[in-house]
Amino acid sequence: MNTNELEWALLRAERRVLGIQTKLHQWASGDSHRRFDDLFNLVTDPAFLLVAWARVRGNKGARTAGVDGNTAHYVEAVRGVEVFLGELRSALKDRSFLPLPVRERLIPKANGKLRRLGIATVTDRVVQASLKLVLEPIFEADFHPQSYGFRPRRRAHDAVVEVRHLASRSYEWIVEGDIAACFDEISHSALMDRVRERVGDKRVLALVKAFLKAGILGEDKALRATDAGTPQGSILSPLLSNVALSVLDAYIDQAPGGPRARPHQRAKRRRHGLPNYRLIRYADDWCLVVSGSRADAEALREEIAVVLSTMGLRLSMEKTLVTHIEDGLDFLGWRIQRHRKRGTSKHFVYLYPAKKALRSITAKVKKLCWQDVNLPLDALLHQLNQVLRGWTAYFKHGSSKATFNYLRAYTWRQVFGWLRRKYRRANWKTLRRKNTCDGWWPATSEVTLFNPAGVKIIYYSYRGTKIPSPWPSTA
């Protein structure tokens with residue numbers, strides 16, 4: 001199959017997949033107790049497998065091999081996409097397909113600990129992607145609007161802005177949640193029980209369980225069984241973790257002081273000294289905002305610990321803090337805190353980059369500027385621009401102007417420090433004449449250093465329950 005034929009086939013496949021996903025989502029939304037009994041044929045449908053392959057091939061991880069040593073490029077160049085997908089479909093149909101263990105990679109974290117990343121084979125990734133295409137529209141009908149992580153058309157900014165929105169409206173006490181080793185400790189049996197509430201097809205259930213039990217090939221070449229958890233880096237893991245953590249969403253949603261309470265009910269509870277509360281969750285990062293007292297927030301923290309224990313999860317009690325909005329909190333890289341507006345007596349809840357996030361970007365800038373001075377200035381500026389553009393694009397939706405100005409000055413100092421080390425005999429005037437565009441800002445004939453201070457601040461609007469689904473729930 002040539003490139004043009006593959007593109008047309010993919011376009012037709014995407015239309016078919018979207019149509020079937022829309023129907024699944026409508027059926028799931030129309031009946032909250034419906035179980036789907038014939039999903040395996042969709043997982044093995046040629047259109048679903050082709051779309052799954054396209055998503056795996058377009059991911060950066062396509063260049064990384066699993067335990068079998070094969071990459072997406074190898075499949076494409078040597079085996080051929082059509083042959084690969086045909087063989088995979090046959091293996092799924094005759095039940096001979098068996099997932100291979102994931103290849104473990106340990107990634108250093110900011111606190112000095114290591115994050116375990118599991119790299120599946122390309123074949124397993126395609127099957128997982130096809131499974132996700134089928135299961136996601138079903139479970140999306142059950143997920144609650146206060147959950148934002150790894151869901152279509154939802155962003156981290158939605159979660160952060162909702163915390164600010166509620167903290168500005170009497171929800172002043174905040175429980176900053178921290179689940180200890182969430183992805184490593186989810187109970188497989190409890191998770192499968194929640195999956196069975198919607199999925200009745202035993203072949204699909206067996207496939208999901210097989211991926212959970214596939215095992216891990218460690219960096220020490222030792223094979224370890226997986227009795228709990230879902231490997232980070234797996235295509236299916238974010239969906240399964242949301243299915244598991246939705247037990248927390250449901251508990252808060254159905255509670256008397258939760259989001260379903262009417263305004264008069266919330267007012268009545270406050271008159272009687274009872275708290276109202278909302279949960280905002282982004283994957284395993286969450287905040288419980290409480291309209292009440294500190295004692296109310298601490299009591300709710302204990303309740304949540306009990307709810308999570310049903311999924312085999314536990315709170316890190318030393319990291320799960322109860323704070324007031326006046327003292328502020330860090331959430332998803334942002335600092336959320338109430339301050340007095342300069343020049344007035346009014347107080348507002350502000351968003352700005354957290355100090356930890358700022359230390360992270362300055363450390364990256366410093367590392368780049370302390371590399372080999374034999375590199376051309378073009379190469380250094382390209383590397384810095386890529387890092388700075390991504391960071392400022394995330395943080396431009398808050399009160400970040402002062403931080404961007406500081407980052408501009410810091411980057412300028414680091415770049416000129418690199419130039420001073422590269423051209424040790426050049427004086428200040430020569431450095432500026434040869435390596436700047438205006439006698440001040442670093443640039444070459446091909447590239448100019450990205451200016452963080454020039455990024456326009458665009459405040460992110462609170463969308464609440466108005467976030468559209470990719471699959472309309474009504475015809």
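User: What does Thr320 touch, leaving out residues up to four places away in sequence?
Analyst: In this predicted model, Thr320 is in contact with Val175, Glu176, Gly177, Asp178, Arg301 and Leu315, once residues up to four places away in sequence are set aside.

User: And where is Thr320 found?
Analyst: Thr320 lies in the loop that runs between α13 (294-309) and β8 (321-324).

User: Buried or exposed?
Analyst: Thr320 is buried, because its relative accessible area is 0%, and the cut-off for that class is under 20%.

User: Switching to helices, how do α9 and α11 pack?
Analyst: Helix α9, which covers residues 188-196, packs against α11 at an angle of about 90 degrees, and their axes are 9 Å apart. The two helices are therefore roughly perpendicular.

User: Which residues make that contact?
Analyst: From α9 the contact uses Leu191, Arg194 and Val195, while α11 supplies Leu240, Val243, Ala244, Ser246 and Val247. Sorted by class, the residues of this contact are six nonpolar, one polar and one charged.

User: New topic: how many cavities of 30 Å³ or more are there?
Analyst: The count comes to one cavity of 30 Å³ or more, and the largest cavity has a volume of about 90 Å³.

User: Which lining residues are closest to its centre?
Analyst: Of the 15 residues lining the largest cavity, Gln128, Phe211, Leu212, Pro231 and Ser234 are the closest to its centre.

User: How does the lining divide by class?
Analyst: The lining of the largest cavity has ten nonpolar, four polar and one charged residues.

Methods. Residues numbered from 1 in each chain as written. Predicted model: local features only at pLDDT ≥ 70, side-chain atom pairs only at ≥ 80, totals over all residues. Heavy atoms only, no water. 1 Å grid on protein atoms, 1.4 Å probe; cavity = no way out; pocket = protein on both sides within 12 Å on 5 of 7 lines; lining within 4 Å. Points joined across faces, edges and corners; volume = space filled by probe spheres on them. Nonpolar A, V, L, I, M, F, W, Y, C, P; charged D, E, K, R; others polar. Helix = DSSP H or I, 4+ residues; strand = E, 2+ residues; numbered from the N terminus. Buried < 20%, exposed > 50% of the residue type's maximum accessible area, 1.4 Å probe, protein only. Contact = heavy atoms within 4.5 Å. Axes fitted to C-alpha atoms, helices over the stretch in contact; angles between N-to-C directions. Parallel < 35°, antiparallel > 145°, perpendicular 65-115°, else oblique.
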